[in-house]
Amino acid sequence: MPPQQRNADIVDPGMQRVVSTGELSSASLGSLGSEAGTPRNAGEYRVRKSRLIGMIDWAHVMLTHGPHLLILGLAVLLGQIVHQVVHDLFGDNNVEWLSFETVAVVAQAIKALFVRLYLAIAESDGFDIFSPAVKTTALILVVATWAIRRENPIYCLSFATFKAPQEWKVDHEEIIEMMRRKKCFTDESIGFMEKILERSGTGPATAWPPGIVQSLHREDGKADASIEASRKEAETVIFDIVEQALKKADVKPKEIDYLIINCSLFSPTPSLCAMVVSRFGLRDDVATFNLSGMGCSASLISIDLAKKLLGKGRGKALVVSTEIITPNLYQGNDRGFLIQNTLFRCGGAAIVLSNNWLDGRRAWYKLLHTVRVQGSSQASYECVYEGEDAQGNRGVRLSKDIVKVAGKTMEKNLTTLGPQILPLSEQAKVVWSILMRFTLKSLVKILQKHGAKEMAEKIPIARPYVPDFKRCIDHFCIHAGGRAVIDGIEKNMQLEDYHTEPSRDTLYNYGNTSSSSIWYELEYIQEHQQTNPLKKGHRIMQVAFGSGFKCTSGV
């Protein structure tokens, strides 16, 4: 299973693959592109081997194989005990080892040895009955067991994404026609949505729910936004991805200990979790959590919650991330609300997680870090806000401050994540940059205080150093919230075309599927990307933004 590289001639029918980064840039209408001489693929991005070795988390490498090394160590320990018993019984004499009498004598002696061990411990006589080799091996195994249990790894056994049937897919012209048939939008609003669609970076075959698409095929042009149509969309998406994820992970529904579903704008009664429990027959004592209102960042929030729950004991968690479009189409003419009608599409992802040591060998990925940052200002709270326009039409309003708020929140997130993953050389550059800025600013203030303003103006203030996350991250899954989001992060983090290719491809083929978009991007990296193929040991960063305003990241 992953990591893997697929044959270039094989194309998944569920993904209309854009062949090159150049085409992706063209499709997204505004990719910054690379300047002449910059790397076009991962093979051209060179890093010295010494730095690569320094970036390897050797503790992670050793602890991944820890359970199996522990079993091997136990076998060695048992062999040493048998060797000690045999040597004490027979010395250097020739013995018929495979005879029943010899095996019985050795087994009886081993039993007597453990009885003596129990008595020695009970009477506080120590472990003098064992040889130094046995005691050394036992001590190593005790320390190894403590280290493995202390780490408590979280493994991703599988994930699956929803591929909409052909009848759900529509092009830009059909989307605009669906809006016209609503008979609630002015010509100015229709024109505005057309412009947004042209610049959105979405492709000509993205998925809308059948309750809305049916307006194209009915003479009266009516759409079905009822609770039943919404529930039908949820069942179609969620049942499909859960079944796929469990099958890929070779996990039975009864093995799931925690079920977490995040869906921001559709929260029916009974809950979506109850719907899954009933459909797949999960255990009666399964712990379920239904998260709503957290926007596009909710998937990594769910992963972080599963990580904390699994930290309390051995088990498996099923995380489902989706957004239901059917009841959430805005039907007014306020431009702040109209953007949601042009970006969001149907989609979903299901992820199976485990903290069992023995699952490490068959896991697809290992979760290393999760970071969640939430803004507390009024601007952060209101930049993605569900409400009503002046006419009482319900929708989600996107503020003009969203780009600035997202930038500040992401900066705080990466500042928290950086020390956990950046190599020491990059961290040293950040510290040096901070010290230089502080020193130069202090010098300027001193000169101005003593009247040397001209000299103070000549002192350059060092720009903040932006650490190179490409030194520790091989692949980036940037939330496909829109072309401007991807362009901004690509510029600020100084990424190459092949780093943002998964995000642009996902936006083009699926649109903004909300919290599940980062899993479509990981799927693209895993199965399709040729400019930067996934290899064993690569690190992947997922970054998403959501209402509140939140920025979440995972490695």
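Colleague: Which strands does helix α10 (residues 227–249) lie across, and at what angle does α10 run to β1?

Modeller: First, the ground rules. This is a predicted model: local features need pLDDT of at least 70, side-chain atom pairs count only at pLDDT 80 or more, and totals for chains, interfaces and linings use all residues. Residues are numbered from 1 along each chain as its sequence is written, and side-chain values use heavy atoms, with hydrogens and water left out.

Now your helix. α10 lies across β1 (154–161), β6 and β7 (347–354). It runs at about 135° to β1. Contact here means heavy atoms within 4.5 Å. Axes are lines fitted to C-alpha atoms, for helices over the stretch in contact, and angles run from 0 to 180 degrees between N-to-C directions. Helices (H or I, at least four residues) and strands (E, at least two) are DSSP runs, numbered from the N terminus.

The sheet itself is open and has six strands. Their order is β5-β4-β6-β7-β1-β8, with mixed pairing. Two strands pair if DSSP finds at least two bridges between them. At the edges sit β5 (287–291) and β8 (365–367), each pairing on one side only. From one strand to the next, the twist averages 25°.

Take one pair in detail. Strand β4 (residues 258–262) and strand β6 (residues 316–323) run parallel, joined by five bridges. Within this pair, Ile 261 stands opposite Val 320 in β6.

Helix α12 (residues 298–310) lies across β1, β4, β5, β6, β7 and β8. Its direction is about 165° to β4.

Most residues other than glycine have a negative phi, and most peptide bonds are trans. Asp 250 lies in the loop between α10 and β4. Its phi is positive, about 55°, although Asp 250 is not a glycine. Asp 250 is exposed, at a relative accessible area of 60%. The cut-offs are under 20% relative accessible area for buried, over 50% for exposed, and partly exposed in between (1.4 Å probe, protein chains only).

The other loop runs between β4 and α11 (272–280), and Pro 270 is in it. There a cis peptide bond joins Thr 269 and Pro 270, with omega about -5°.
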